[in-house]
Structure formats: structure tokens, C-alpha cells
Amino acid sequence: MSRLSKLYLISYNSLLFFGWAIALSRVLGSFIATKSVNGAYAAAGELICWLQTVAFLEVIHSAVGLVPSGVMLVLMQWGGRTHFLLAIVSQITELQDLPSVFITFLAWSLSEVIRYSHYASSSLGLCPSWLTYVRYTAFILLYPIGVGPGEMWLMYKALPFIKERNLYKSFFDSLHFSYHSFVVVVLALYPFLWLRLYLHLFKQRRSKLGKRQTKKKD
């Protein structure tokens with residue numbers, strides 16, 4: 001990797017780390033201040049929308065070979081989150097005060113603070129072994145929490161509003177089916193697509209932590 005590419009990745013991952021750390025502090029700060037889980041979107045929604053949009057760069061990183069991640073898996077994760085956040089939650093205000101937003105934002109923020117701090121410190125060659133362990137272990141709990149009671153439940157709760165308001169009618173009319181039908185199909189496929197990503201993370205965990213154990217034995 002060239003020096004310029006390395007500098008870029010350090011800068012990118014550091015920026016996203018600080019961004020998600022701020023989002024996490026806002027989500028938790030709102031909860032502590034109000035003793036309620038209903039203010040997560042008001043506290044951090046705009047920032048998280050921005051962070052998630054910027055993360056499209058990771059699809060490009062994979063496509064051009066800047067990082068070794070598979071482009072389709074990165075695109076699937078980015079696309080699922082972005083659709084959920086920008087097309088549904090940000091457009092249906094009735095969803096924004098639900099506890100599931102707090103659950104989703106908390107799981108996402110914790111995951112991304114861990115992930116980007118690991119990426120940034122690894123790029124610097126300063127990643128401690130405990131952070132590598134946390135990076136490839138925390139997802140076991142955080143990922144299903146964010147997807148089940150978070151993303152999927154919110155999409156399910158959005159269906160009546162999507163149908164009543166006929167969201168994105170002008171676009172989907174040309175496709176001869178409604179956005180409501182699209183979201184129903186997405187919900188049906190979500191567990192299978194999520195399981196593929198989840199199992200991929202376990203494969204990564206075995207690879208990364210297995211290498212660490214081998215180095216210790218050596």
C-alpha cells in the first residue's frame with residue numbers, strides 16, 4: 001500500500017471513529033438527560049444519516065482494491081442500512097420516537113466506534129490485541145440486536161404509513177409495483193441476507209483471532 005493510500009485510510013477511519021463516537025455520546029446523553037429512549041433520533045439522527053451516507057466510500061474502497069473486503073458484502077450492508085435510515089426512518093416522523101430507534105442507534109454506534117478505532121489503529125500499526133478481540137467479538141451480540149428489535153421491527157412498524165401515504169409513488173408506478181410491496185419483500189429477505197453477513201463475520205473472526213492465537217504460540 002502506498003504512503004498516500006495509508007494516510008487516506010488513517011484519516012478516513014479516524015474521522016468516522018470520531019463521528020460515531022459523537023453519535024454514541026448524543027444517544028447516551030439524551031437517554032441520561034431525559035430518562036427516556038424516545039429521543040435518540042432527535043439527538044443523533046441527522047449526524048448518523050450523514051455518517052451512513054459518507055460510508056458509501058467504503059464500497060468504492062473495496063471496488064478499487066484499497067481494502068481487501070468483498071465489494072458485494074460491503075454494498076449489501078451499506079445499502080440495507082442506508083435504505084432503512086434515509087428512505088424509511090428519516091421520512092416517517094412517527095417512527096422516530098420509538099424505542100427501536102434507540103436500540104438501532106446504540107447498536108450501530110457501539111459497533112462502528114469499535115470497528116473504526118480498530119481500522120485506524122491497525123493502519124497506524126498500533127492496534128492492541130484486546131481491540132482486535134473486541135472488534136471480532138462484539139458483533140456477536142450487537143449485530144442481531146441492531147437488526148431484529150431495531151431495523152426489522154421499525155420496517156414492520158413503517159408498513160401502515162408507507163401504504164397509507166403511498167410513499168415514492170411516482171418512482172414505483174413505473175416499476176408496476178408499490179414501495180409497500182418492495183418493503184414487504186425486503187423484510188421477507190432480510191433474515192437470509194443478514195444471516196449471510198453474520199456468518200461471514202464469524203468466518204472473519206476465526207481467521208483473525210486464529211492468526212493471533214498462532215502468533216502467541218510461536
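Trainee: How much space lies in the second largest pocket?

Mentor: In this predicted model, about 320 Å³ of space lies in the second largest pocket. Of the 15 residues that line this pocket, Met 76, Gly 80, Arg 81, Tyr 190 and Leu 193 are the closest to its centre, and the elements that give two or more residues to the lining are H4, helix H7 (139-165) and helix H9 (179-217).

Trainee: What makes the span of H4 close to the one expected?

Mentor: H4 has 19 residues and reaches 26 Å from its first C-alpha to its last, which is set against the 27 Å expected at 1.5 Å a residue. Among the residues of H4 that are buried are Leu 73, Trp 78, Gly 80 and Arg 81, and buried here stands for under 20% relative accessible area.

Trainee: Which residues make the nonpolar surface patch of about 650 Å²?

Mentor: That patch is made by Tyr 8, Phe 56, Leu 57, Ile 60, Val 64, Val 71, Met 72 and Leu 75. Helix H3 (57-63) and helix H4 (71-89) are the elements that give two or more residues to the patch, and the largest share, three residues, comes from H4.

Trainee: Why is Ile 60 called partly exposed?

Mentor: Ile 60, which lies in helix H3, has a relative accessibility of 38%. Buried would require under 20% and exposed over 50%, so Ile 60, with its value in between, counts as partly exposed.

Terms used. Residues numbered from 1 in each chain as written. Predicted model: local features only at pLDDT ≥ 70, side-chain atom pairs only at ≥ 80, totals over all residues. Heavy atoms only, no water. Patch = residues over 30% accessible without salt bridge, like charges linked within 9 Å, V, L, I, M, F, W, Y side chains within 5 Å. Areas by Shrake-Rupley, 256 points an atom, 1.4 Å probe, with all protein chains shown as cover. Salt bridge = Lys/Arg side-chain N within 4 Å of Asp/Glu carboxyl O. Helix = DSSP H or I, 4+ residues; strand = E, 2+ residues; numbered from the N terminus. Buried < 20%, exposed > 50% of the residue type's maximum accessible area, 1.4 Å probe, protein only. Expected span 1.5 Å × (residues − 1). 1 Å grid on protein atoms, 1.4 Å probe; cavity = no way out; pocket = protein on both sides within 12 Å on 5 of 7 lines; lining within 4 Å. Points joined across faces, edges and corners; volume = space filled by probe spheres on them.
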